[in-house]
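Hello,

Here is the structure I promised to pass on to you. Have a look at it first, and then read on for what turned up in it.

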Amino acid sequence: MATISILIAGAGGRMGRAVIREVLKTPGVALAGGFDRPGGDQVGADLGRLAGLDALGLEVADSPEEGLKRADAVIDFSAPAASAALAGAAAAAGVALVLGTTGLDAAQERDVAAAAEKIPVVRSGNMSLGVNLLAALVEEAARRLSDEYDIEIIEAHHRHKVDAPSGTALMLARAAAKGRGVDLEAKAVRARDGQTGPRRAGDIGFAVARGGGIVGEHQVLFAGGEEVIALSHSAIDRGLFAKGAVAAAKWAVGKPAGLYDMRDVLGLKRE
Ligand SMILES: NC(=O)C1=CN([C@@H]2O[C@H](COP(=O)(O)OP(=O)(O)OC[C@H]3O[C@@H](n4cnc5c(N)ncnc54)[C@H](OP(=O)(O)O)[C@@H]3O)[C@@H](O)[C@H]2O)C=CC1
Ligand SMILES: O=C(O)C1=N[C@H](C(=O)O)C[C@H](O)C1
């Protein structure tokens with residue numbers, strides 16, 4: 001098996017450090033390097049030390065350029081503007097991209113889509129097997145249940161998270177909308193406050209909590225008048241997402257250009 005070389009974007013962040021550890025323990029992959037925000041505290045730090053391991057003699061860079069020359073794939077958990085710029089740089093360098101950053105705006109989404117015309121891009125709001133399986137179950141439940149069952153998506157994350165609802169919550173909502181055959185944008189109720197009036201049939205609601213060190217909790221309720229069905233996922237360790245991202249990088253290298261998701265990687269797509 002050929003070894004693939006992986007560059008890590010946002011290497012100094014919570015996910016970046018988890019990805020360094022995952023790359024170092026995964027057969028068939030090697031670390032091409034890592035970079036972080038120009039001027040950031042982690043630039044110049046040793047990648048091994050950053051991940052709580054022995055020194056590797058590889059320093060955190062302040063841009064992707066040099067690393068992309070050595071890499072087969074780049075794994076990105078950074079920030080929306082950085083991810084959009086990286087998509088362009090990876091496309092120019094012909095390097096596969098695994099994109100985990102959430103909270104991209106419409107223009108940033110378009111930058112990613114443009115990159116996917118030139119390189120394979122695996123994009124998911126959640127890289128875990130469990131959440132991707134959950135999304136398939138949510139789609140199926142929504143397909144089978146009428147709008148007598150109100151769909152509510154409840155999520156909780158750590159106090160540092162900067163976007164809401166989470167990428168995972170949005171992904172689960174898209175799955176529910178697809179199963180129900182409706183347009184999510186027309187049905188989403190992303191927040192409630194004050195005199196909201198009664199719930200409209202068919203809405204897909206979100207509720208968000210932020211606190212402490214919660215890694216990631218998601219629950220989808222199908223609330224009927226006489227019963228409630230709850231489908232949920234708890235992430236215990238963010239190494240889970242790193243494992244999925246490294247598996248995605250291995251899968252993506254050598255694939256044709258295109259926009260893929262974790263269901264492609266995990267073989268969860270229905271024909
Ligand atoms: N898809 C999935 O499975 C998962 C997705 N995520 C998403 O990943 C993202 C990162 O999460 P997390 O690791 O917790 O966040 P952190 O804030 O801990 O890490 C982000 C890192 O990216 C750095 N960064 C910011 N701007 C740039 C830039 N221009 N170039 C390079 N690096 C940059 C930050 O530097 P600085 O701190 O100096 O700004 C920081 O080191 C979030 O969007 C989160 O929602 C998280 C977990 C799983
Ligand atoms: O920011 C996080 O931590 C996480 N972000 C992703 C999201 O927005 O859903 C995935 C995971 O839940 C952790």
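Let me start with Arg263: with 15 C-beta neighbours inside 10 Å, this residue counts as partly exposed, because that class lies between 12 or fewer neighbours (exposed) and 20 or more (buried). Please keep in mind that the model is a predicted one. Arg263 belongs to helix H10, which covers residues 262-266. If neighbours within four places in sequence are left aside, Arg263 is in contact with Asn132, Leu268 and Lys269. Between the C-alpha atoms of Arg263 and Ala73 there are 19 Å, and 190 residues separate the two along the chain.

As a general background, nonpolar side chains tend to be buried together in soluble globular proteins. To see one member in its setting, look at Ile6: not counting residues up to four places away in sequence, Ile6 touches Val23, Val29, Leu31, Ala32, Ala71, Ala73, Ile75 and Ala249.

Now to the sheets. One is an open sheet of 6 strands with parallel pairing, in the order S2-S1-S3-S4-S5-S11. Strand S2 (29-35) and strand S11 (258-260) are at its edges; each has a single partner strand, so one side of each is left without a neighbour in the sheet. On average, and with direction ignored, neighbouring strands here are turned by 20° against each other. Inside this sheet, 4 bridges pair strand S1 (residues 4-9) with strand S3 (residues 73-76) in the parallel sense, and Ile8 stands opposite Ile75 in S3.

Which strands does helix H9 touch as it packs on the sheet? Helix H9 (residues 239-252) touches S1, S2, S3, S4, S5 and S11, and its direction makes about 155° with that of S4. Helix H5 (residues 106-115) lies across strand S4 (96-99), strand S5 (120-123) and S11, and runs at about 140° to S5.

There is also an open sheet of 5 strands, where the pairing is mixed and the order is S7-S8-S6-S9-S10. Its edges are strand S7 (188-189) and strand S10 (228-235), each with a single partner strand, so one side of each is left without a neighbour in the sheet. S6 and strand S9 (residues 216-223) run antiparallel and are joined by 7 bridges. Two of the residues with bridge partners in S9 are Ala156, whose partner is Glu217, and Ile154, whose partner is Gln219. On to S10: S9 and S10 pair in the antiparallel sense over 8 bridges, with Gly216 opposite Ala235 in S10, and a hairpin of 4 residues joins the two strands.

Helix H6 (residues 129-144) lies across S6, S9 and S10, running at about 165° to S10.

One peptide bond deserves a mention: the one from Ala164 to Pro165 is cis, with omega near -10°. In general, most peptide bonds are trans. Pro165 lies in the loop between strand S6 (150-157) and helix H7 (167-180).

Finally, the ligands. Around ligand 1 there are 28 residues, and the closest are Gly10, Gly13, Met15, Gly40 and Ala82. By class, this shell has 8 nonpolar, 15 polar and 5 charged residues. Helix H1 (residues 14-25) gives the most to it, with 3 residues.

What surrounds ligand 2? Thr102, Gly125, Asn126, His157, Lys161, Ser166, Gly167, Thr168 and Gly216 do. This shell has no nonpolar residues, 8 polar and 1 charged.

Enjoy exploring it!

Key. Residues are numbered from 1 along each chain as its sequence is written. Chains are lettered from A and ligands numbered from 1 in the order in which they are written. This is a predicted model: local features need pLDDT of at least 70, side-chain atom pairs count only at pLDDT 80 or more; totals for chains, interfaces and linings use all residues. A residue is near a molecule or strand if its C-beta atom, placed from the backbone, lies within 6 Å of it. Ala, Val, Leu, Ile, Met, Phe, Trp, Tyr, Cys and Pro count as nonpolar, Asp, Glu, Lys and Arg as charged, and the others, Gly among them, as polar. Two strands pair if DSSP finds at least two bridges between them. Axes are lines fitted to C-alpha atoms, for helices over the stretch in contact, and angles run from 0 to 180 degrees between N-to-C directions. Two residues are in contact if their C-beta atoms, placed from the backbone, lie within 7 Å.
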